[in-house]
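I opened the notebook with the sequence and the model side by side. My entries follow in the order I looked things up.

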Amino acid sequence: MIAGLLAGFALSPKLWLSSRLYPLTPVWSFIKPLTSPGDYIVFFTVIALLIAAAIVPRREIQIAVFVLLTLVVLQDQSRLQPWFYQYALMLLAIALAGPDRPAAALNTCCLIVAATYVWSGLAKLNPNFIGDTFPFLVTPFIGGGNGVVEWLVRLLAFLAPLLECAAGVGLLTRRFRPFAVFFAIVMHVFILVTIGPLGRDVNIVVWPWNLAMIAFLLILFFRRTEDPAPWEIIWGRAFAFQKIVLVLFALMPMLSLFNLWDHYLSSALYSGNRNSGVVYLSDAVFDRLPDKIEDYVTEEGPNRNKLDIFDWSLGELNVPSYPEIRVYKNVAREICGYALDDPGVELVIQGKLALVNSNRRSVYHCSGLTK
C-alpha cells in the first residue's frame, strides 16, 4: 500500500498542492488550506515518512503518516479518491494492530478488500454501466460490432458486476476463496488492458491501484499461512478498529443508495452512475478566465460555453472530480469569482440514479452559491 500511495502521489502531484487553478474544497469552511511553501513541506514530509515506513515499519511512523494524510484531506475533499481512502485505512489498521497482532491487521485488510469488491459490483448494476461504460471500455477491441456482438457485450456488462460482487463474497469463505482470487486477478488484468495503453489509455492514476489490488489478493488471501474463517475477517477478536472498518466499508456504502453517503467512499468508481457537474458560461465570462481553464471549455452555441468539471479535474489534477454536489458548488463559486457580477454563469448538476432523489437535475446561479 505504501508503494501504491507513492505511485498515486507521483501521478497526481497537483492534487496534493495548493498552487493550482482547480479549487480546493475543505471539509469545513473554517479550514484554510496551506499555501506555498507549507503545502510542499507537508507533501514531501509525507513522502519521506512513507519511504521511512517501508524501510523501518514502526507504528509511530505509520501513525504520523496517517495524521498527515488526514490533514491534507481536511484541506481538500477532492483528495479523498477511492484508492487513497483504501490505502490510508489499511495503513491505519496495520499501525493500530502493531507487531503483536499481525492476524488482526491482515484480517482487517481482507475485510476492506472483500467489501470493496462487493460494493463495487453492486454499484455497477445500473443501466449506465451496462449500456455505456462497459461498452465504451471494450469498443477498442471489438470495433463497431454487429447485433450479436453488441448483445454479448451487454450480457457481459450485466454479468461482470454480479461476478465482481460474488468474488468479494467468495473471498470471505474458505471454500470459494481460491476461485474468487483467480477471478479478481483476471478482472484486474482486464481492467488494465481496457483502460491502459492497449485500450482507452485513460485515468492513469488508477493503474497502480489495480496492480496493488492484485498484490493484496496474493498476500492477504493466497500466500497466507493461516486460512481465516469468514467470522475472523468480518468481526475478529479484540480489535475495535476492525469493527470500524466493517461499518465504513461494509455498511455505510448502503447509504449511498439513498444519496446519504459519498460515491467515492462506496467503492463506486467506474460504475457509470455518479453525480455530474457542468458550468455554463457566457462569452464575456469565458474571456475573463485564465488560459489554462479555457482549455477545458467547449463552445455549445451562441454566447454559451461549457466547462465540464470532470474534464477540468482530470486534465489539471490527473484524477476524476470528486462527484459530490458540495464540491461542484465550490468549483462553480471559483468561476463566479471571474464573472464580476456577470449573470452569465450557470451550474447544472445531474444527480445519479438512487432509491431516493434519483436522477435529479439542479441548476444554480452565482447568487445562489454563497457559502
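Which backbone nitrogen does the side chain of Asn-275 reach? I found that of Lys-352, at 3.0 Å.

**Ground rules.** I am working on a predicted model, where local features need pLDDT of at least 70, side-chain atom pairs count only at pLDDT 80 or more, and totals for chains, interfaces and linings use all residues. Residues are numbered from 1 along each chain as its sequence is written, and side-chain values use heavy atoms, with hydrogens and water left out.

**Asn-275.** I placed Asn-275 in the loop between α11 (240–251) and β1 (276–281). Helices here are DSSP runs of H or I with at least four residues, strands are runs of E with at least two, and both are numbered from the N terminus. The side chain of Asn-275 also reaches the backbone oxygen of Pro-323, at 3.2 Å. I took a polar contact as a pair of N or O atoms within 3.5 Å; within protein, one must be able to donate a hydrogen and the other to accept it, and residues adjacent in sequence count only if both atoms are side-chain atoms. Why does Asn-275 count as buried? Its relative accessible area is 6%. The cut-offs are under 20% for buried, over 50% for exposed and partly exposed in between, with a 1.4 Å probe and protein chains only. I then listed contacts (heavy atoms within 4.5 Å). Leaving out residues up to four places away in sequence, Asn-275 touches Pro-323, Glu-324, Ile-325, Tyr-328, Gln-350, Gly-351 and Lys-352.

**Cores.** Next I looked up nonpolar cores, meaning sets of buried Ala, Val, Leu, Ile, Met, Phe, Trp, Tyr and Cys residues joined through side-chain atoms within 4.5 Å. The largest has 96 residues, and Phe-9 and Val-113 touch the most other members. Helix α4 (residues 82–97) gives the most to this core, 11 residues. Beyond its neighbours within four places in sequence, Phe-9 contacts Trp-16, Phe-43, Val-46, Ile-47, Leu-50, Leu-69 and Phe-84. I also noted a second, separate core of 6 residues, including Phe-129, Ile-130, Phe-134 and Ala-157.

**Nonpolar patch.** Helix α7 (residues 147–171) supplies the largest share of the patch, 9 residues. Leu-162 lies in α7 and is partly exposed at 37% relative accessible area.

**Salt bridges.** How many salt bridges does a search of the whole structure find? I got 10, counting a side-chain nitrogen of Lys or Arg within 4 Å of a carboxyl oxygen of Asp or Glu.

- Lys-124 pairs with Glu-164, with the closest N and O atoms 3.2 Å apart. Lys-124 sits in the loop between α5 (102–123) and α6 (127–142), Glu-164 in helix α7, 40 residues apart. Both are buried.
- Arg-177 meets Asp-227 at 2.4 Å, N to O. Arg-177 is in helix α8 (residues 177–195) and Asp-227 in the loop between α9 (207–222) and α10 (230–234). Arg-177 is buried at 2% relative accessibility, whereas Asp-227 is partly exposed at 40%.
- Arg-20, Asp-76 and Arg-79 are linked in a network of salt bridges.

**Leu-24.** I checked Leu-24 in the loop between α1 (2–11) and α2 (38–55). Leu-24 counts as buried, at 16% relative accessibility. Its C-alpha atom is 5.0 Å from that of Asp-76, 52 residues apart along the chain. Not counting residues up to four places away, Leu-24 touches Asp-76 and Arg-79, among others.

Which residues does a cis peptide bond join? I noted Ser-36 and Pro-37, with omega about 10 degrees. Pro-37 lies in the loop between α1 and α2. Leu-340 is not a glycine, yet has a positive phi of about 55 degrees. Asp-341, also not a glycine, has a positive phi of about 65 degrees. Leu-340 is exposed at 60% relative accessible area, and Asp-341 is exposed at 81% relative accessibility.
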